[in-house]
Amino acid sequence: MSADRIRLRNCIEGMVAQLTPMQEKVIGYRYIDGHAWRYIAMKMNYDEDHIKRVERQAVDFIAQNVEVCSG
């Protein structure tokens, strides 16, 4: 793995750590563990629409701040 990729991964991990605990859990279930929306909603005891909204907020935060990683 190149130094740039390692730096980007570490930066994104740092941004994930800045998310709310719920956002961090949703991101983990979805992108690290690869679970389906229905499973995540059931596991967290929320409806799918709410879980997707939480995920969008988290991804928006990461997207807005990812430029810091490439600078």
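**Exercise 1. The overall layout**

In what order do the elements of the protein chain run from the N terminus on?

Solution. The model is predicted, with local features needing a pLDDT of at least 70 and side-chain atom pairs counting only at pLDDT 80 or more, while totals for chains, interfaces and linings use all residues. Residues are numbered from 1 along each chain as its sequence is written, and side-chain values use heavy atoms, with hydrogens and water left out.

Step 1. Elements are DSSP runs numbered from the N terminus: helices (H or I) of at least four residues and strands (E) of at least two. The protein chain has 5 helices and 0 strands.

Step 2. The order from the N terminus on is α-α-α-α-α.

Step 3. Taken along the principal axes, the C-alpha atoms of the protein chain fill a box of roughly 40 × 25 × 15 Å.

Step 4. A residue is buried at under 20% relative accessible area, exposed at over 50% and partly exposed in between (1.4 Å probe, protein chains only). Of the 71 residues in the protein chain, 25% are buried.

**Exercise 2. Confidence**

State where in the protein chain confidence is lowest and where it is highest.

Solution. Step 1. The predictor's confidence in each residue is its pLDDT, from 0 to 100. The protein chain has a mean pLDDT of 92, and 97% of its residues reach 70 or more.

Step 1. Confidence is lowest in helix 5 (residues 67-70), with a mean of 74, and highest in helix 3, with 98.

**Exercise 3. Helix 2 against helix 4**

Determine how helix 2 and helix 4 pack, and which residues make the contact.

Solution. Step 1. Axes are lines fitted to C-alpha atoms, for helices over the stretch in contact, and angles run from 0 to 180 degrees between N-to-C directions. The axes of helix 2 and helix 4 are 9 Å apart, at an angle of about 100°.

Step 1. Angles under 35 degrees count as roughly parallel, over 145 as roughly antiparallel, 65 to 115 as roughly perpendicular and the rest as oblique. Helix 2 is therefore roughly perpendicular to helix 4.

Step 2. Contact means heavy atoms within 4.5 Å. Helix 2 contributes Met22, Gln23, Val26, Ile27 and Tyr31, and helix 4 contributes His50, Ile51, Val54, Glu55, Gln57, Ala58 and Val59.

Step 3. Ala, Val, Leu, Ile, Met, Phe, Trp, Tyr, Cys and Pro count as nonpolar, Asp, Glu, Lys and Arg as charged, and the others, Gly among them, as polar. The contact of helix 2 with helix 4 has 8 nonpolar, 3 polar and 1 charged residues.

Step 4. Not counting residues up to four places away in sequence, glutamine 23 touches Val54, Gln57 and Ala58. Valine 54 is also buried, at 7%, and leaving aside neighbours within four places in sequence, valine 54 is in contact with Met22, Gln23 and Val26. Valine 54 and glutamine 23 are 31 residues apart in sequence and 5.9 Å apart in space, C-alpha to C-alpha.

**Exercise 4. Helix 3 against helix 4**

Describe how the axes of helix 3 and helix 4 cross, then examine the loop between helix 3 and helix 4.

Solution. Step 1. The axes of helix 3 and helix 4 (residues 48-65) come within 9 Å and cross at roughly 100°. The two helices are therefore roughly perpendicular to each other.

Step 1. Trp37, Arg38, Ile40, Ala41 and Met44 in helix 3 meet Glu48, Ile51, Lys52 and Glu55 in helix 4. By class, the residues of this contact are 5 nonpolar, no polar and 4 charged.

Step 2. Asparagine 45 lies in the loop between helix 3 and helix 4 and is exposed, at 69% relative accessible area. Most residues other than glycine have a negative phi. Asparagine 45, although not a glycine, has a positive phi of about 65°.

**Exercise 5. The aromatic pair**

Why is the pair of tyrosine 29 and tyrosine 39 classed as it is?

Solution. Step 1. Rings of Phe, Tyr and Trp (its six-membered ring) pair if their centres lie within 6.5 Å; planes under 30 degrees apart count as stacked, over 60 as edge-to-face and the rest as tilted. This rule gives 1 aromatic pair.

Step 1. The ring centres of tyrosine 29 and tyrosine 39 are 6.4 Å apart and the planes stand at 90°, so the pair is edge-to-face.

Step 2. Tyrosine 29 lies in helix 2 (residues 21-32) and tyrosine 39 in helix 3 (residues 37-44), so the pair ties together parts that are 10 residues apart in sequence.

Step 3. Tyrosine 29 is buried, at 16% relative accessible area, whereas tyrosine 39 is partly exposed, at 30%.
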